[in-house]
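Visitor: Hi! I'd like to look at this one with you, bit by bit.

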Amino acid sequence: MRRSLALLALGLVLAAPARATLLDFSPEERAAIARHGPWPPAPAHDAGNAQSGRREAIALGQRLFFDPRLSPSGQVACASCHVPALAFADGRARSQGLAALDRNAPSLWNAVHERWQAWDGAADSLWSQSIRPLLDTREMGATPAHVQAAIGADRELACRYQRTFGRQPSAQGAEATMVDAAKAIGAFVATLVSPRTPFDDFRDALVRGDRLAAARYPLPAQRGLRLFIGKGQCALCHLGPRFSNGEFADTGLAFFSRPGAVDPGRHGGIEALRASAYTLLSTWADGADATPTRHVQLQHRNFGEFKVPSLRHVARTAPYMHDGQLATLEDVVRHYSELNVERLHADGEQILRPLGLGDDEKADLVAFLRTLNSPGVTSWRPGRLSACG
Amino acid sequence: MKSTLALAAAVCAGTAVAAPCGEALDAKARQRVESGELVVAWAPRPAAIPLDKHFQLDIAVCGAPVAALRVDADMPAHRHGMNYRTTVTGAGEGRFSAQGLMFHMPGRWRLIFDVDSGGRTQRLTQEIEVR
């Protein structure tokens, strides 16, 4: 009998739900947490893209995004490096197009809310960015003429093109048709806005003063969040609802992309932007605010800077950093904890210092980062398209 | 009575009404910085400087004829400036507009006004907290 009671008591203890606890966040901390929302943000369109938001263009863009025939090889599509089941990244350290590439494929979720596209920010819109891999001989290796011919040769693509732009793919020069295709792809990518996360529920509960709901957020994640906005100073760059300021930083990473080759990062990105025929300042743009492109400044410190990535669904986009040199979130946190300040530019920013985190703190920070995720970012399925052609 | 008057005079001296400058700028957002005779009044658009978004400044320079004005900003504690270069457009009679400013981090920023006047450049600065 006594043994039965003891077992019953043990069973009750094991079955009892963990007691929900809410840390005593200060008013300043609550304000800092509130600034990481709300989510989702107001809808946005691809800059300089009159097709963005149009159903026909999105359908065409979706078809083109998954079509390897846009590459003359017939083997590389946008979706080769931006795989829906991998959060529109590819899970590789460095991507593989027609040749081995030097950088990690960034996730495309929420890319429409970015000021600059790609790790070096060499494109100022989604449509402009879409042209880069199309024409890059290491990625898809296409030409405008090939893109025009590929669309014209397929009855469904030609039909969707006609429906979107009101003309045949061959009705104008090849370059104009390629830009149209890029705008359709941009219109599709602009629809990828990630779902809400456990962090968003916590943040909203805190803002409306619902302590009970807020306390459901795991305690390790609460402690990690406190580190993120406090001692870690992570929110200096990873700010706002996207957890990124959309700008560029040198974070003390090894900078050789291959033996003897240094990736210039943002410095090369600004140079490429200025050399591009497809920016928001070009005649190809459909009337956008080009303030960032017009005023961006090339500085020596841009060398070795890479874009501050959004941390939304970061747990689903390993490996990390511009070249995938860090395999796990734990590695990323360790990097900032043990930062090699000698590696940073002598004339660069004085923000980063080794955080010197204890093991518990590192685990808490990772626990927080994992709450920025929603299962929906790896379960995207293409919408059904009406018949055409 | 004499001491009361002296105190009033001192208070008046301490709070002397500054010469007007930039009265046409948005009064709710207007700020001013001065050095000697030179006054720079400025008002951001939008009125509250946004974090991580571009904004512009409407500017009035008073106290001396201005040959040219340059506007910049930095974060002294972080030892970095903006990622964008401003363009300053003159509208005559000491009025200017500066486009292309963007503060990409929260914290203490320093606005820098370099005023070319009378054959020399005077730098006026003003620190502001951005959240």
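Visitor: How many residues does the contact take from chain B and from chain A?
Guide: Chain B puts in 14 residues and chain A puts in 16. Being in contact here means that the C-beta atoms of two residues, placed from the backbone, lie within 7 Å. This is a predicted model, where local features need pLDDT of at least 70 and side-chain atom pairs count only at pLDDT 80 or more, while totals for chains, interfaces and linings use all residues. Residues are numbered from 1 along each chain as its sequence is written, and chains are lettered from A and ligands numbered from 1 in the order in which they are written.

Visitor: OK, and what classes of residue are on the side of chain B that touches chain A?
Guide: On that side, chain B has eight polar, three nonpolar and three charged residues. Nonpolar covers Ala, Val, Leu, Ile, Met, Phe, Trp, Tyr, Cys and Pro; charged covers Asp, Glu, Lys and Arg; the others, Gly among them, are polar.

Visitor: What scores does the predictor give the complex?
Guide: The complex gets an ipTM of 0.90 and a pTM of 0.91. For chain B the average is 89, and 87% of the residues score at least 70.

Visitor: Where is pLDDT below 50 in chain B?
Guide: Over residues 1–15 of chain B, a stretch with zero contacts in the model beyond near neighbours in sequence. Chain A has residues 7–17, where pLDDT stays under 50 and the model has zero contacts beyond four places in sequence. Where pLDDT is low, the predicted coordinates should not be read in detail.

Visitor: New topic: which domains does chain A have?
Guide: The domain assignment gives domain 1 (55–193) and domain 2 (225–265 + 304–377); such bounds come from an automatic or database domain assignment. Their C-alpha centres lie 28 Å apart. The contact takes 19 residues from domain 1 of chain A and 22 residues from domain 2 of chain A. On the domain 1 side there are seven nonpolar, five polar and seven charged residues.

Visitor: And the helices? At what angle do helix 3 and helix 8 of chain A cross?
Guide: Helix 3 (residues 55–65) and helix 8 (residues 174–189) of chain A cross at roughly 100°, and their axes come within 7 Å. Helices (H or I, at least four residues) and strands (E, at least two) are DSSP runs, numbered from the N terminus. The axes are lines fitted to C-alpha atoms, for helices over the stretch in contact, with angles from 0 to 180 degrees between N-to-C directions.

Visitor: What do you call that arrangement of helix 3 and helix 8 of chain A?
Guide: The two helices of chain A, helix 3 and helix 8, are therefore roughly perpendicular to each other. The cut-offs are under 35 degrees for roughly parallel, over 145 for roughly antiparallel, 65 to 115 for roughly perpendicular, and oblique for the rest. The contact of helix 3 with helix 8 of chain A has 10 nonpolar, three polar and one charged residues.

Visitor: What about helix 14 and helix 15 of chain A: is the crossing left-handed or right-handed?
Guide: Right-handed. A crossing is left-handed if the near helix is turned anticlockwise from the far one by less than a right angle, and right-handed if clockwise. The axes of helix 14 (residues 329–337) and helix 15 (residues 359–370) of chain A come within 10 Å and cross at roughly 130°. That makes helix 14 of chain A oblique to helix 15 of chain A.

Visitor: Which residues meet there, in helix 14 and helix 15 of chain A?
Guide: Leu329(A), Glu330(A), Val333(A), Arg334(A) and Ser337(A) of helix 14 meet Lys362(A), Leu365(A), Val366(A) and Leu369(A) of helix 15. By class, that contact of helix 14 with helix 15 of chain A has five nonpolar, one polar and three charged residues.

Visitor: Last one: which residues does a cis peptide bond join in chain A?
Guide: Ala318(A) and Pro319(A), with omega about -5°. Pro319(A) sits in the loop between strand 4 (306–307) and helix 14 of chain A. In chain B, the peptide bond from Arg45(B) to Pro46(B) is cis, with omega near 0°. You'll find Pro46(B) in the loop between strand 2 (38–45) and strand 3 (54–62) of chain B.

Methods
pLDDT is the predictor's confidence in each residue, from 0 to 100.
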